[in-house]
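Hi,

Here is the structure I said I would pass on. Have a look at it first, and my notes on what turned up follow below.

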Amino acid sequence: MPYELVDHTADMGVTVRAGNLRELFETACQAMFDQIVDRRNLKGRDKTQLRITGIDLSDLMINWLRELLFLWNGHQYLVKQARVVHIEEKALNARIAYDPYNPGIHEVLTDIKAVTYHGIDVREAGAGWQATVIFDV
Amino acid sequence: MELIQIDSYRWEIQKSGAMRVPARIYSSERLIEAVKQDETFRQLVNVAQLPGILSAALAMPDMHWGYGFPIGGVAGFDCEEGVISPGGVGYDINCGVRLAVTRLTHEEIRTRMDHLADCLYQKIPTGVGSTGTLKLSNADLKKVLKQGSPWALSRGYGEGADIEHTEDKGCMPDADPNTISKRAMERGRRQLGTLGSGNHFLEVGVVEKIHDQAVADAFGLAEGLVTVLLHTGSRGLGHQTCDDFLAAMTRNLNIDGMALPDRQLACAKIGSAAGIKYYRAMACAANYAWTNRQILLNNARDAFQQVLGISPRDLGMKQVYDICHNIAKFEQHTVEGKIRRVCVHRKGATRAFPPGHPDLCEDFKKTGQPILIPGDMGTASYVLAGTQRAMDETFGSTCHGAGRLMSRNAAKKSAKGRSIEKELLSKGVIARWTGKSTLAEEMPQAYKDVTEVVHAVEGSGISKIVARLRPLAVIKG
């Protein structure tokens, strides 16, 4: 798996690794939604687009995940996949494939309530990139 | 970072580096071991670096690693120099606990417990994304945010005495609904009257032991009486509000050039436009949480009456008290011999005002404030009372619960191959729950020993034990 779970006493986190920034942000989305739902059961037929900005890469990562999370806890959309079409240090554009939540089909595994700034760390690691994010659950 | 033991229940980390004040930890020899390995003390040292912090950054015995502030953290800030921090209050603004006691004894309802648990589970919407039965317009929701518990009372949810026995009478007066985002309004409109998930619960219990007869009498508690304990907060509205202000303050902080040890500590000067706006929004979320608990307690009253076929009078379910866990408040405290207005942040901590405090209602003027300490769902919960020592040392604050010991993953691993439901049943506790892994994540062993925690706050003098409750049935998200 391109990410691993971080143990936290009250909450949970993920450390994500990827060869480039685009993949890093896409994988962070997968890692978050893997905690919420079994993404294999999603079809991803509905589409939307996101434009995210931040003051630096760490802020961009938090804002990215919090917008994705709002698709879930604001609109009850479960994200199957995110495609980052353009990324720079302070902004990104992405295409999102999702399913509207249907309690009869989708089992919610963990209720992620927020994306925290605590210990946020997006940096180059070896030949690629790495990020650690802690979620409020 | 050296931990210096002061006495059996107090430790200190002396001021060094960027710390503006020392850090003081209330704990016991056994409890403190559990947090030495994680980030709790580092987080407390970070809090001690915030502008305008007074006396010491404080941690209660149920402390554990949080984000930004540690859970179990208390900090008082000077109103001129100090800051207000959304991360220091937490996402679930006014997450809190409400206790009610009935006239019924456990013996009288013993054979009806399964039906009661089923009916409560039906009437208390639980779990991820659960929605309430109330249909609120934006105008209605704004009234909830402005008025708090009295709004619920005006709609027939509860009794006047419930409000008297609620911290701040269930309403922070500075709430301004215009500070709440459209997103927070959207989430709040459909979730009023819901319990949520995670560590939130409704528990039917019984008063097992009285430790202080005179105070217990004043609180209406007697051995054998059936109780209802409720733990929930401001749901998506509170989370969204915290998130909105954290995002805004993080951007502004870089403009102000303040160096923060952790971005989750993003904050604003108390008197600044951003600080005032956050406080007014936080007050809205606090009022929403009180309304939420008011509605849920009313649903619990309905469930008891329906299952037992009794009148409200025969049930006699009286609210003992309702307290906040995650909040920032302006209070009068004596600091270095001077009375001053302090902005007290309690993050996973409880107010613990002493006898005679002017903010307490007549019923508790002689006893001090009731403090409600839920334990894990298989062991016990406690009722404590506030003391002068808390006022003198901890900005009138104490612990808020048992505090987690295991991560959720560790708890799930430990629960493999076991039936937590059967283990609870063997202890006489019926469970009804929604989430697939809720019982595993919330199993009793995932929490610290609540008895050890309350002994530590009593030992240090910042609260005194009044009564012990034993769980009979628990409803979880």
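Let me start with a pair of helices in chain B. The axes of helix 5 (residues 113-123) and helix 12 (residues 273-308) of chain B come within 9 Å and cross at roughly 140°. Axes here are lines fitted to C-alpha atoms, for helices over the stretch in contact, and angles run from 0 to 180 degrees between N-to-C directions. Helices (H or I, at least four residues) and strands (E, at least two) are DSSP runs, numbered from the N terminus. The crossing of helix 5 and helix 12 of chain B is right-handed; that is the term if the near helix is turned clockwise from the far one by less than a right angle, and left-handed if anticlockwise.

Helix 5 of chain B brings His115(B), Leu116(B), Cys119(B), Leu120(B) and Lys123(B) to this meeting, and among their counterparts in helix 12 of chain B are Asn299(B), Ala300(B) and Phe304(B). Contact means that the C-beta atoms of two residues, placed from the backbone, lie within 7 Å. By class, the contact has seven nonpolar, three polar and two charged residues. Ala, Val, Leu, Ile, Met, Phe, Trp, Tyr, Cys and Pro count as nonpolar, Asp, Glu, Lys and Arg as charged, and the others, Gly among them, as polar.

A word on conventions: this is a predicted model, in which local features need pLDDT of at least 70 and side-chain atom pairs count only at pLDDT 80 or more, while totals for chains, interfaces and linings use all residues. Residues are numbered from 1 along each chain as its sequence is written, and chains are lettered from A and ligands numbered from 1 in the order in which they are written.

Next, the sheet in chain B. Seven strands form an open sheet with mixed pairing, in the order 1-2-3-4-5-13-12; two strands pair if DSSP finds at least two bridges between them. Strand 1 (4-7) and strand 12 (326-335) of chain B are at the edges with a single partner strand each, so one side of each has no neighbour in the sheet. From one strand to the next, the twist averages 30°.

Inside that sheet, strand 2 (residues 10-13) and strand 3 (residues 23-26) of chain B run antiparallel and are joined by four bridges. Trp11(B) has Ile25(B) as its bridge partner in strand 3 of chain B. Helix 2 (residues 40-47) of chain B lies across strands 2, 3, 4 (53-67) and 5 (69-78) of chain B, at about 155° to strand 4. Helix 18 (residues 450-459) of chain B also packs on the sheet, touching strand 3 and strand 4 of chain B.

Most residues other than glycine have a negative phi. Arg235(B), however, has a phi near 55°, and Phe395(B) has one near 50°. Arg235(B) is in helix 11 (residues 235-256) of chain B and counts as buried, with 29 C-beta neighbours inside 10 Å. Phe395(B), in the loop between helix 14 (388-393) and strand 17 (397-398) of chain B, is buried too, with 27. (Buried means 20 or more other C-beta atoms within 10 Å of the residue's own, exposed 12 or fewer, and partly exposed in between.)

Finally, the contact between the chains takes 29 residues from chain A and 33 residues from chain B. Helix 2 (57-73) of chain A is one of the elements supplying at least two residues, and helix 2 of chain A gives the most on its side, with five.

Cheers
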